[in-house]
Amino acid sequence: MSERQNFNIAAYLPQMAALQPDTPAVHFPLQGEGPDKCYLTLSYHQLNQRSDQIAHGLESIGIRKGVRSALMVKPCPDFFALTFALFKVGAVPVLIDPGMGVKNLKVCLAEAQPQAFIGIPQAHVARILLGWGKQSITTLLTVGRRWFWGGKSLAALLAGESNTTAYQMVSSDEDDLAAILFTSGSTGVPKGAVYTHGNFSAQVEALKQVYAIEPGEIDLPTFPLFALFAPALGMTSVIPEMDFTRPGSVDPEKIIGAIQRFKATTMFGSPALIRRVGAFGQTGGIKLPSLKRVISAGAPVPAGVLESFSSMLAEGVQIFTPYGATESLPVCSVGSQTILEETRFLTDKGQGVCIGKPVAGITLKIITIDDNAIDTWSDDLEVTDGEIGEIVVQGPQVTRSYFNRDESTRLAKISSGDGRFYHRMGDLGYRDEQGRIWFCGRKAHRVDVGEQRLFTIPCEALFNTHPAVFRSALVGIQVRGNTLPVICVELTSEAHNADKKQLVAELSELARSNELTQSINTFLFHKSFPVDIRHNAKIFREKLAVWAQEQLS
């Protein structure tokens with residue numbers, strides 16, 4: 001009888017520690033600037049040993065299998081060791097983006113009902129002052145100096161932990177709960193996606209296959225959660241010096257310096273970060289020959305941004321833009337070569353953004369647009385190729401439910417029989433004759449004007465071609481009982497003092513030039529669009545709609 005497979009996502013770390021014990025697992029920036037910058041380096045052996053030590057300590061204070069543990073720790077060496085230790089003991093990390101706002105944070109923690117809270121001192125202070133998780137949290141661990149709130153500090157926990165033997169990690173089945181990851185809440189309240197160990201394993205294998213990633217590569221991840229995949233892929237993580245809550249405000253020189261110093265082969269960054277670093281690099285004529293691939297996700301990446309960043313890359317190296325969501329990633333992927341040589345021109349004409357073909361293992365369908373729950377799959381739901389509908393997906397990396405949100409789960413899942421299901425992405429798109437998928441915006445953001453239905457991405461693309469427009473957003477507001485389509489415009493920095501009347505005239509002419517936008521004749525200029533904290537790229541159109549309603553009332 002064959003040995004039972006352990007799907008515990010933490011199993012990748014000891015495997016890599018055995019295969020390449022002296023290979024650096026993580027480089028973390030300390031003090032200094034430029035070439036004199038000091039880094040703390042942990043080898044795979046050291047990271048695995050550190051996480052084993054923490055796992056013994058966690059178990060000693062009652063954090064073990066099934067214990068939901070809120071984790072609010074900034075990226076640091078112990079962030080990696082702690083996360084893998086939590087997986088090793090079978091605990092369930094609850095990962096919430098601290099930038100989603102105080103109100104949302106409290107709601108998320110109330111829903112997740114964590115029994116343990118692991119955080120830096122600032123997180124514990126906020127927890128006490130704002131009443132986070134006070135009904136469920138019984139175990140406290142502080143990463144840093146512990147003050148008056150009780151529990152233990154990580155340093156004290158490890159100082160009192162005499163067990164230096166390898167930790168025998170919990171054996172996990174494919175369907176065992178691994179973590180709760182909260183969505184960014186770009187279209188409503190954030191929801192906790194329930195990840196199984198099978199989901200994580202499928203993600204790792206998909207990323208490895210789609211992007212041909214090999215052990216020994218050097219990764220520069222500018223999104224903390226993505227950094228956790230690097231050890232599972234056998235890569236060395238170079239943690240950049242940046243504020244991870246503001247990727248659009250990074251210092252390009254620090255990102256470029258880290259890539260050059262460690263000869264990074266892979267980089268992950270949000271569109272906002274890619275834009276900033278690419279513009280700096282193109283202006284300075286900088287080259288990054290070590291990069292084999294760049295991955296950017298979170299929102300569509302404008303072709304101009306791909307173009308500027310590509311100027312730093314060696315010939316044939318691409319920027320890939322995977323499509324997916326917290327509930328399912330990756331779903332599709334497309335490279336910058338296809339976008340720059342072909343699809344960008346169709347995007348500018350209002351045909352949506354090409355997100356490529358579904359990755360291996362993913363079944364993707366386009367169904368009729370419907371805001372109601374769909375309990376059971378029927379082939380009659382599917383629309384024909386070329387018709388815009390909702391994107392639904394099925395596959396091993398697709399999460400099955402939301403934690404403590406039965407109604408949200410019902411709205412997002414369609415049973416397809418035999419225990420399988422389709423996840424409704426909440427995104428709209430269509431399939432072209434080549435089998436590629438084109439993204440047309442969020443379902444919740446469509447605007448119905450009489451019998452015409454307007455979709456955000458196709459309409460906005462037309463106005464984004466204007467040289468004075470940094471980005472635009474379609475919203476619908478109510479005027480005397482009717483829906484009025486409005487284009488909110490954020491101008492480029494160079495165009496802030498431009499003649500607004502002239503701009504409106506030019507944008508109106510653009511609107512009249514395409515049948516998609518002929519019903520649009522109202523334009524409002526907004527100083528700086530509200531965007532999600534996670535990627536600095538997803539536009540909060542709901543907030544813009546409220547603002548536009550106020551402006552026109």
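Which residue, with a positive phi, follows α7? Good morning; the answer is A212, whose phi is near 50°.

The model before us is predicted: local features need pLDDT of at least 70, side-chain atom pairs count only at pLDDT 80 or more, and totals for chains, interfaces and linings use all residues. Residues are numbered from 1 along each chain as its sequence is written, and side-chain values use heavy atoms, with hydrogens and water left out.

I begin with helix α7, residues 197-211. Helices here are DSSP runs of H or I with at least four residues, and strands are runs of E with at least two, numbered from the N terminus. Of the 15 residues in α7, 11 are buried, that is, under 20% relative accessible area with a 1.4 Å probe, protein chains only. Among them are H197, F200, L207 and Y211.

I turn next to the sheet. The sheet is open, with 7 strands in the order β7-β6-β5-β3-β4-β8-β9 and mixed pairing. Two strands pair if DSSP finds at least two bridges between them. At the edges lie β7 (152-153) and β9 (192-196), each pairing on one side only. Strand β6 (residues 139-142) runs parallel to β7 and is joined to β7 by 2 bridges; L141 has K152 of β7 as its bridge partner.

Finally, helices α10 (residues 252-262) and α11 (residues 271-284) pack at about 80°, their axes 9 Å apart. Axes are lines fitted to C-alpha atoms, for helices over the stretch in contact, and angles run from 0 to 180 degrees between N-to-C directions. Contact means heavy atoms within 4.5 Å. Residues P252, E253, I255 and I256 of α10 meet R276, V277, F280 and G281 of α11.

Notes
Expected span 1.5 Å × (residues − 1). Buried < 20%, exposed > 50% of the residue type's maximum accessible area, 1.4 Å probe, protein only.
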